[in-house]
2 protein chains.
Amino acid sequence: MDLPPSPLARPFPELPAIAGVTARTVNAGYRDWTRSDLTLVELAEGTTVAGVFTQSACASSEVELGREQVRAGTARALVVNAGNSNAFTGYRGREAVKQIMEQVAGGLGCEASQVLVSSTGVIGVPLPKDVARAGVEAALAAEPVGWEEAANAIGTTDTFAKGAAASAMIGGTRVELAGIIKGSGMIAPDMATMLGYIFTDAKVAPALLQEMLSKANSATFSCITVDGDTSTSDTVLVFATGKSDAPEIVSWNDVGADAFYAALLSVCRELAQLVVRDGEGASKFITISVSGAASDESARRIGLSIANSPLVKTAIAGGDANWGRVVMAVGKAGEPADRDTLSIGFGGIWVARDGQPLPDYDEAPVAKHLAGEEITVEVDMGIGEGRATVWTCDLTHGYIDINADYRS
Amino acid sequence: MDLPPSPLARPFPELPAIAGVTARTVNAGYRDWTRSDLTLVELAEGTTVAGVFTQSACASSEVELGREQVRAGTARALVVNAGNSNAFTGYRGREAVKQIMEQVAGGLGCEASQVLVSSTGVIGVPLPKDVARAGVEAALAAEPVGWEEAANAIGTTDTFAKGAAASAMIGGTRVELAGIIKGSGMIAPDMATMLGYIFTDAKVAPALLQEMLSKANSATFSCITVDGDTSTSDTVLVFATGKSDAPEIVSWNDVGADAFYAALLSVCRELAQLVVRDGEGASKFITISVSGAASDESARRIGLSIANSPLVKTAIAGGDANWGRVVMAVGKAGEPADRDTLSIGFGGIWVARDGQPLPDYDEAPVAKHLAGEEITVEVDMGIGEGRATVWTCDLTHGYIDINADYRS
């Protein structure tokens, strides 16, 4: 099923080259198609790595191995297979990943444990070893490609290539960050997984890089949802090659650490939002801001309860300022709430305050806002200082088309 | 929006009259319609009551008051308003409920605290006191009606009237149970709430009746889902008039207690399943059986994670034996799981065993099963003895039609 680009798609941005990072793509043929489906990213010696992974109890071998590799903190290569997620494939799936790690290590002259692998696509079919072997061999000899080619090669049924960049000053030297991502929840039948990769020429100690990624993740990738369905393979990795002349960052107190974190957070936020913009059947991009909650984490959970409610999502698809459904979603979140201090707004206009609808609120600008493509929902719990912002898309006939009408 | 009956609808069954129970219905006019929308059920002196209510933090005044009333354990009347849920209406909503309680108590010569009230419909509009007052006055003088009329009068956009009956022998005397219910998640824009009422002529002490209802609830109403969206007003009440000649049941050890519980459980299960059969846009009735889990509660949560997954629900709508999505939903449930002992089947045929797909399973009977209207999904976790069964419906274009395309 070839889908047209999402109406919320964004053009692929100008991404800077990152010293120490070389990407190559080939058509390994994981499916019967002619597009590139195997991406090999070579990383300079000394590159540090951090990662966050799916919390699924049924995670793929790639994720299990990746967790160990990230703990060691250094990386020399990344391989991404598209078209087969290799999830739920038992020991045969694990063998295929190990084969790729060893083959790439041999080609680049590094340790197999420094080769990270991701796979995305059909669940339950072991990654074919012969296809992978020929693909990796071709990739080791291929010409380097640009970011957009790599962003396309890691995609499955994504409808547009997604990337983001930022820079930061560290001790007077500018460092660059570039990231690519694929996915939109589980974007088509048998296809799964959000995979995101961020590269920087800054020099960052692995422990700090992991702390920064985990912190940024909790405010970005952990705050998006398309359909509430968590993949078995979700992975976000950040690689720091250390090839810039900027001084190394080892702790939060080091010169430039705050600036680097701000840049990392910015790239994570942009990539996360791009996934929502490619959400299955999405016609509206929805930002939900929760304030006055018992804690930031409580605010995030309330935001996700609203963002995952099919009744809220369908109401917004229909341009309906249905704040009663927002009340429902707040109420079911299982978080501290006081019905009589709850306020709800759309597009910055309160429609209910302190547990009661505002009978005289101005409906016209609210209706106009909901007819647009970028929707905001404001919720004030009125009980504390916790706040969070989450992002989602609406639920339309397109979602059903993509997920129910495809196979028979 | 008048919807045709759900394709999964069932004809209204023969329900026995329950000694001590008299139902009356009138058109109070909560909306601009001619149907009955106020139901008054008079209960004999000595009637005991038990109830379970929504766990929403934004529950309606009816629910808040109902919790107190059920704790007292006796009831003389039930009033159900349809067309206005009176939820999120602050002190004005509470005043309207208290007015109804006092008016009915005056008419029947009982305590106001013995009059239970439920409301279902639009959120955020205080129940109009004048409409309610005239409606109650008319209902107190109206002719008694049968169960089907009452089942229709408590409905909002339900597409068919729903009822169930059972009987039990207590010490050689037969007692009867009759129940009615409305709802299917939140069945149409601005409409909410599952409301269920069960009546019996058995004599059951309030504390035991509550224990039995809570236990039955955890295996029936707590095991159904249409869209995972919990209403602000969900309520199930059971009333025992004690008008049969059977001996009173006070403890689980009393003669007939087990038989009565079995009958109550049967009525609860049938009513719960009828709600799923009226699920928004439902075309298939899905039974998910989880075994081998760490505990029964863990099995229930895993079952609900599967039942609430839009990807699983759309796959079944499309007749697709997409067990990879079931793996995904098991993995995201947050419950103990071991990918390598997980087995999944459809229609009683295993398609994946012990963490791997069965390459040679017979696809033809599985495809035939999924083309039908009654679908079963079997999941064995392979790690313990916990088991649960949950019920849901598929997710179709009908759900989007009902919830997004209605208002603009």
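Predicted model: local features only at pLDDT ≥ 70, side-chain atom pairs only at ≥ 80, totals over all residues.
Let me start with a term we will need: two residues are in contact if their C-beta atoms, placed from the backbone, lie within 7 Å. Helices (H or I, at least four residues) and strands (E, at least two) are DSSP runs, numbered from the N terminus.

Residues are numbered from 1 along each chain as its sequence is written, while chains are lettered from A and ligands numbered from 1 in the order in which they are written.

Let's begin with a pair of helices. Ile400(A), Asn403(A) and Ala404(A), in H11(A), meet Leu311(B), Thr314(B), Ala315(B) and Ala317(B), in H8(B). By type, the residues of this contact of H11(A) with H8(B) are 5 nonpolar, 2 polar and no charged. Here Ala, Val, Leu, Ile, Met, Phe, Trp, Tyr, Cys and Pro count as nonpolar, Asp, Glu, Lys and Arg as charged, and the others, Gly among them, as polar.

How do the two helices cross? Two packed helices are described by the angle between their axes and the distance between the axes. The axes of H11(A), residues 397-404, and H8(B) come within 8 Å and cross at roughly 65°. Those axes are lines fitted to C-alpha atoms, for helices over the stretch in contact, with angles running from 0 to 180 degrees between N-to-C directions. H11(A) is therefore roughly perpendicular to H8(B); angles under 35 degrees count as roughly parallel, over 145 as roughly antiparallel, 65 to 115 as roughly perpendicular and the rest as oblique.

Is H11(B) enclosed or open? It is largely enclosed by the rest of the structure, because 6 of its 8 residues are buried. A residue is buried if 20 or more other C-beta atoms lie within 10 Å of its own, exposed if 12 or fewer, and partly exposed in between, with C-beta atoms placed from the backbone. The buried ones are Gly398(B), Tyr399(B), Ile400(B), Ile402(B), Asn403(B) and Ala404(B), and they pack against helix H8 (310-317) and H11 of chain A.

Let's step back to the whole interface. In total, 52 residues of chain B are in contact with 52 residues of chain A. On the chain B side, the elements giving two or more residues are helices H8 (310-317), H9 (323-331) and H11 (397-404), plus strand S13 (356-357). That side divides into 23 nonpolar, 20 polar and 9 charged residues.

How are the copies related? Chain B can be laid on chain A with an RMSD of 0.0 Å by a turn of 180° and a shift of 0.0 Å along the axis, so the two copies are related as by a two-fold rotation axis. The superposition is by least squares on the C-alpha atoms of residues with pLDDT of at least 70 in both. Of the residues of chain B, His397(B) comes closest to that axis, at 3.0 Å (C-alpha). The copies meet through the same surface, because 100% of the interface residues of chain B are also interface residues in chain A.

Two last residues. Thr230(A) sits in the loop between helix H5 (206-219) and strand S9 (235-240) of chain A, and it is buried, with 24 C-beta neighbours inside 10 Å. Leaving out residues up to four places away in sequence, Thr230(A) touches Thr54(A), Gln55(A), Ser56(A), Gly331(B) and Lys332(B). Phe88(A) has a phi near 60°, a positive value in a residue other than glycine.
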